[in-house]
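Please look at the structure below, with its sequence, before reading on. The paragraphs that follow treat the cavities, the ligand site and the aromatic pairs in turn.

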Amino acid sequence: MTVAISIGSGKGGTGKTMIIANLAILLAKRGKKVCLVDLDLGGADTHILLGLFEPKRTLTDFFTRRVDSLAEVVHTFPSLYGLSFIPGSGDTLQTANINFQEKQRLLRGLQDIDCDVLLLDVGAGTNYHALDFFMHSDLQVCVALPDPTSIMDLYTFLQLATIRKMLASFLSQSEVAATLKSRSFQSLGEVFELAEATQAGSREKAQEGLRYFHPLLIVNRDRAGGQVNKTKLRMMVGKYLGIDIPELGDIPEDDKVDRALKGFLPVCEMYPQTPASQALQAIAQRLDKVLSLFADKAPATAAG
Ligand SMILES: Nc1ncnc2c1ncn2[C@@H]1O[C@H](COP(=O)(O)OP(=O)(O)O)[C@@H](O)[C@H]1O
Ligand SMILES: [Mg+2]
């Protein structure tokens with residue numbers, strides 16, 4: 001069974017790529033068969049972090065049909081515990097704006113990748129691609145910096161992701177879906193209200209759709225005082241979005257992160273003892289535990 005994990009945040013520069021690239025390596029080191037995918041369509045750069053400057057094949061080859069299957073784009077790193085990697089697309093306008101069919105083709109292709117863990121770096125922002133890739137996974141990780149602006153950006157991102165997830169849960173109910181699709185929403189309450197007004201019982205169905213949505217929170221570049229904003233964020237998403245965001249761990253500000261970047265090797269490999277690497281190792285260990293819960297739960301989910 002493959003568990004797909006995506007990483008998202010409200011804006012760029014929160015450390016998503018740094019975090020997911022390191023987690024990919026750490027999980028591979030723990031014996032998992034890992035495939036990391038750079039789905040940041042506008043700003044693919046994960047390959048650089050891994051020291052791969054000119055990938056032979058990228059998602060562009062897949063989108064432009066120079067290759068038939070996604071498997072042909074997979075790059076393997078024997079020196080990084082056998083980690084597999086799908087480099088993102090070069091930033092041409094065509095590939096930064098793939099259409100619905102191409103997106104579906106990509107998502108189907110991802111389902112055929114043979115691995116235990118599929119890690120999706122979805123890029124920042126609240127465009128539909130970023131939101132859909134983020135929500136497409138089994139498990140979501142969300143990242144914010146400790147400052148109030150970044151925390152609010154993440155709140156907005158989670159709000160839109162939640163709304164999009166709910167809209168998706170109505171796709172099979174044409175009347176509700178059509179009504180909801182014709183409007184844009186500022187708050188989750190509005191979605192609930194309109195859905196319920198269109199068809200009785202829809203509120204409950206929408207809430208049910210969110211039952212398994214618990215993005216795991218990482219606060220990156222943590223420093224003293226960040227705790228207050230984090231607590232506020234968790235309170236707000238609980239109160240206004242009705243979701244819980246369990247903490248996966250914090251990563252401290254650490255100048256070795258940038259030094260490793262300049263050496264084109266993720267920090268957990270270059271400086272395993274530095275505080276950021278230690279925090280990433282603790283997070284990988286926790287994530288590994290969550291993954292085993294997933295494996296235990298799988299038969300029940302499949303049956304139910
Ligand atoms: N914990 C940290 N300490 C110091 N610098 C960091 C830390 N996390 C990320 N950075 C730096 O922040 C910048 C943005 O990180 P990146 O992973 O590219 O963000 P994103 O993918 O969210 O845009 C990079 O230069 C990275 O080295
Ligand atoms: Mg990035």
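**Cavities, ligand shell and ring pairs**

The lining of the second largest cavity consists of 7 nonpolar residues, 1 polar residue and no charged residues; here Ala, Val, Leu, Ile, Met, Phe, Trp, Tyr, Cys and Pro count as nonpolar, Asp, Glu, Lys and Arg as charged, and the others, Gly among them, as polar. The model is predicted: local features need pLDDT of at least 70, side-chain atom pairs count only at pLDDT 80 or more, and totals for chains, interfaces and linings use all residues. Residues are numbered from 1 along each chain as its sequence is written, chains are lettered from A and ligands numbered from 1 in the order in which they are written, and side-chain values use heavy atoms, with hydrogens and water left out.

A cavity is a set of points on a 1 Å grid over the protein atoms alone where a 1.4 Å probe fits but cannot get out, and its lining residues have an atom within 4 Å of a point. Grid points are joined across faces, edges and corners, and the volume is the space filled by probe spheres set on the points. The second largest cavity has a volume of about 40 Å³ and is lined by I5, S6, I7, I20, L23, L119, V141 and L287. Strand 1 (3-8) and helix 1 each give two or more residues to this lining, and strand 1 has the largest share, with 3 residues. Helices (H or I, at least four residues) and strands (E, at least two) are DSSP runs numbered from the N terminus.

The count of cavities of 30 Å³ or more is 2. The largest holds about 50 Å³ of space, and its lining is made up of M18, N22, L49, V257, A260, L261, L265, P266 and V267. Helix 1 and helix 12 are the elements that give two or more residues to it. Helix 12 gives the most, 3 residues. By class, this lining has 8 nonpolar residues, 1 polar residue and no charged residues.

Which elements supply at least two residues each to the shell around ligand 1? They are helix 1 (16-29), strand 7 (216-222), strand 8 (247-252) and helix 12 (255-262). Of the 16 residues around the ligand, G13, K16, T17, M18 and D258 come nearest, where a residue is near if one of its heavy atoms lies within 4 Å. The shell has 5 nonpolar, 6 polar and 5 charged residues.

A polar side-chain atom of R221 lies 3.1 Å from an oxygen atom of ligand 1. The protein covers 83% of the 560 Å² of accessible area that ligand 1 has on its own, by the Shrake-Rupley method with a 1.4 Å probe.

There are 4 aromatic pairs, meaning rings of Phe, Tyr and Trp (its six-membered ring) with centres within 6.5 Å; planes under 30 degrees apart count as stacked, over 60 as edge-to-face and the rest as tilted. The rings of F53 and F264 form an edge-to-face pair because their planes lie at 90 degrees, with centres 4.7 Å apart. This pair links distant parts of the chain, 211 residues apart: F53 is in the loop between helix 2 (46-49) and helix 3 (59-63), and F264 is in the loop between helix 12 and helix 13 (267-270).

Methods: Polar contact = N/O pair within 3.5 Å; in protein donor to acceptor, adjacent residues only side chain to side chain. 1 Å grid on protein atoms, 1.4 Å probe; cavity = no way out; pocket = protein on both sides within 12 Å on 5 of 7 lines; lining within 4 Å.
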